Amino acid sequence: MKALRSGTAVARGQAGCVSPAPRPVPMSSQAMIPSTSSPAARAPARSGRRALAVSAKLADGSRRMQSEEVRRAKEVAQAALAKDSPADWVDRYGSEPRKGADILVQALEREGVDSVFAYPGGASMEIHQALTRSDRITNVLCRHEQGEIFAAEGYAKAAGRVGVCIATSGPGATNLVTGLADAMMDSIPLVAITGQVPRRMIGTDAFQETPIVEVTRAITKHNYLVLDIKDLPRVIKEAFYLARTGRPGPVLVDVPKDIQQQLAVPDWEAPMSITGYISRLPPPVEESQVLPVLRALQGAAKPVIYYGGGCLDAQAELREFAARTGIPLASTFMGLGVVPSTDPNHLQMLGMHGTVFANYAVDQADLLVALGVRFDDRVTGKLDAFAARARIVHIDIDAAEISKNKTAHVPVCGDVKQALSHLNRLLAAEPLPADKWAGWRAELAAKRAEFPMRYPQRDDAIVPQHAIQVLGEETQGEAIITTGVGQHQMWAAQWYPYKETRRWISSGGLGSMGFGLPAALGAAVAFDGKNGRPKKTVVDIDGDGSFLMNVQELATIFIEKLDVKVMLLNNQHLGMVVQWEDRFYKANRAHTYLGKRESEWHATQDEEDIYPNFVNMAQAFGVPSRRVIVKEQLRGAIRTMLDTPGPYLLEVMVPHIEHVLPMIPGGASFKDIITEGDGTVKY
């Protein structure tokens, strides 16, 4: 069993962490999951449906585990399993046999799933038939499997719950691969279920057979091939537990068609058999572990808080910590919204396209408090030069991330939420002087005044930064924003005023173009105002290149009547690549222009030369749409988009010469930061 991430580095020096297991030697598909559980694992729980009997079988097959570890494993597992399981669930089949596909769907119901994103095919038809027999789960029929897994990611990111997608075997399963890699890199809890050819045909190159377990082993937290129908309830239970615990991630479950068709009576109390994984989870953070953090704070002259996506569920604790200390904060791309952009101590985003003052702060800091981050290359640039003057406190739930890229002088392996709770209690008992870092904050305020965030003010065109700023004003920062990947993504990170967590949904680590529209529909499903769910506005800020990659999902948002708004910033180019061409390749265009070759709109200003016609395209899908070119019409057009019930596409024509600034070139350091220029300048 691959219970931990493949290929992760061994963590050194953490309190309460166990080094990850080495990546297992690949096995054949049929060896991935045993056909029967061990006798100990099959023993029924003694009390109640939610009670859990945890087997003492280790990942290496031995049975050596200290009683304290078993006790903690039970407590952790029971707490996790109790979170989402609906108390009113009743087995509609009673003690009668039912198909494996029905067992699978019922197992999803027991995990509290109410929405799935699934596209049918020959090897998954039985699952879809079973879904029609469920009165708890609604399927959202996306028009492409990549669209459905991005939608499941959008759902998971927005709702903070496990997203679920289902695909058939062969090409259906392989179409999920990009989404699995995306969820792995961004730590998104996801369960992907695939149909597979019947067991007797596995390994025969049967029609639409793909060994998806082997294909996805390096890009999933864990995966299963189910070879015994008795294992289905346990496997689904484990899949959800693995997806949402520790550092979240995607889990794949491959179910052969004959398993789906076989009749059985499920044992809902079948215990999980992942005690080895559970024993490796970091124990609860102890107060003694964070005392060195407090002492480091007390001795620091120029501290900075550097926080990321690992803090999404620690919003209140981080805000309290920032208020108690007065330490300036800088967010990663993934952490936007944890602290409101209006906080006077917030330095905004750091890294390649972060603010000058955020990057300056990290460069000058003598203490860097890193919370739920992984020191990604787009943040650090040249590693040796990043925070070179600082001692580093690193708090993270994943042992493999601590000291992986930058040595942590004060490492704490555990839940950031727990660690911050302890720190806040310690700070309440030992308050820091209110003016302790007043001089440091004044220095950063001066740097902010010297290098404010700004963009060109033009009356003859709509610059993309202005369009996003107006959207922020019209939505008052309350919308859920999704994006594709490119310049528009970075501008959306820089210029929309995020106030809360889970309002910013974008592909970070993998940078998957085509993410924005399907992610928006997933977020809209999570907040559609139905069945007791709250209602929230969802806007996909997209670019023309990225949008085209999953444009078919316009059909989904129309048919499902989802309240998804698309603000399409159309510059007729692959803007981010064009920016790099301008800066580093003497503006030589190497297949980055997407419009008509014979007549470029930016040159002719003739609307007939805008290609493709996204307004007509949206209308062909039944989605109301409009194009805006004149700056004076922008605010009214955005207001119309927001006020129109259901889906809407607003195409905003923008110049292709704009550059995302500031910019630290890849592999460079703060001293190389670029703050001026666009595509009209020769470099």
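The model is predicted, so to speak of local features takes a pLDDT of at least 70 and side-chain atom pairs count only at pLDDT 80 or more, while totals for chains, interfaces and linings use all residues. Residues are numbered from 1 along each chain as its sequence is written, and side-chain values use heavy atoms, with hydrogens and water left out.

Let's start with the whole protein. Its secondary structure amounts to 26 helices and 20 strands; here helices (H or I, at least four residues) and strands (E, at least two) are DSSP runs numbered from the N terminus. Of the 683 residues, 60% are buried, where buried means under 20% relative accessible area, exposed over 50% and partly exposed in between, with a 1.4 Å probe and protein chains only. The accessible surface is about 26,000 Å², and carbon and sulfur atoms own 52% of that; the areas come from the Shrake-Rupley method with a 1.4 Å probe, and for residues only the protein chains shown count as cover. As for contacts (heavy atoms within 4.5 Å), take those with a separation of 6 or more: 74% of them link residues 24 or more positions apart.

Now for the sheet. It is an open one of 6 strands in the order β3-β2-β4-β5-β7-β6, with parallel pairing; two strands pair if DSSP finds at least two bridges between them. The edges are β3 (138-140) and β6, each pairing on one side only. From one strand to the next, the twist averages 20°.

Within that order, β4 (residues 163-167) runs parallel to β5 over 5 bridges, and C165 has A192 in β5 as its bridge partner. Helix α7 (residues 177-186) packs on the sheet, touching β5 and β7, and its direction makes about 145° with that of β7. That angle is between N-to-C directions and can run from 0 to 180 degrees, with axes fitted as lines to C-alpha atoms, for helices over the stretch in contact. Another helix, α20 (residues 516-526), lies across β2 (115-118) and β3, at about 155° to β2.

On one side, 7 bridges join it in parallel to β5 (residues 190-196), with Q196 opposite P256. Strand β6 (residues 222-225) also pairs with β7 in the parallel sense, over 4 bridges, and Y224 stands opposite V253. The chain gets from β6 to β7 through helix α9 (residues 232-244), in a right-handed β-α-β crossover: with the strands pointing away from the viewer, the path from the first strand over the helix to the second runs clockwise.

Why is β7 largely enclosed by the rest of the structure? Because 7 of the 7 residues in the strand (residues 250-256) are buried. In a regular strand, side chains alternate between the two faces of the sheet. Here both faces are covered, with P250, L252, D254 and P256 buried on one side and V251, V253 and V255 on the other.

G543 is in strand β17 (residues 538-543) and counts as buried at 6% relative accessibility. Leaving aside neighbours within four places in sequence, G543 is in contact with H488, L568 and L569.

K631 is in the loop between β19 (625-628) and α26 (634-643). Not counting residues up to four places away in sequence, K631 touches Q457, R458, D459, A461, I462 and H466. The K631 side chain reaches the backbone oxygen of R458 at 2.9 Å.

Technical notes: Polar contact = N/O pair within 3.5 Å; in protein donor to acceptor, adjacent residues only side chain to side chain.
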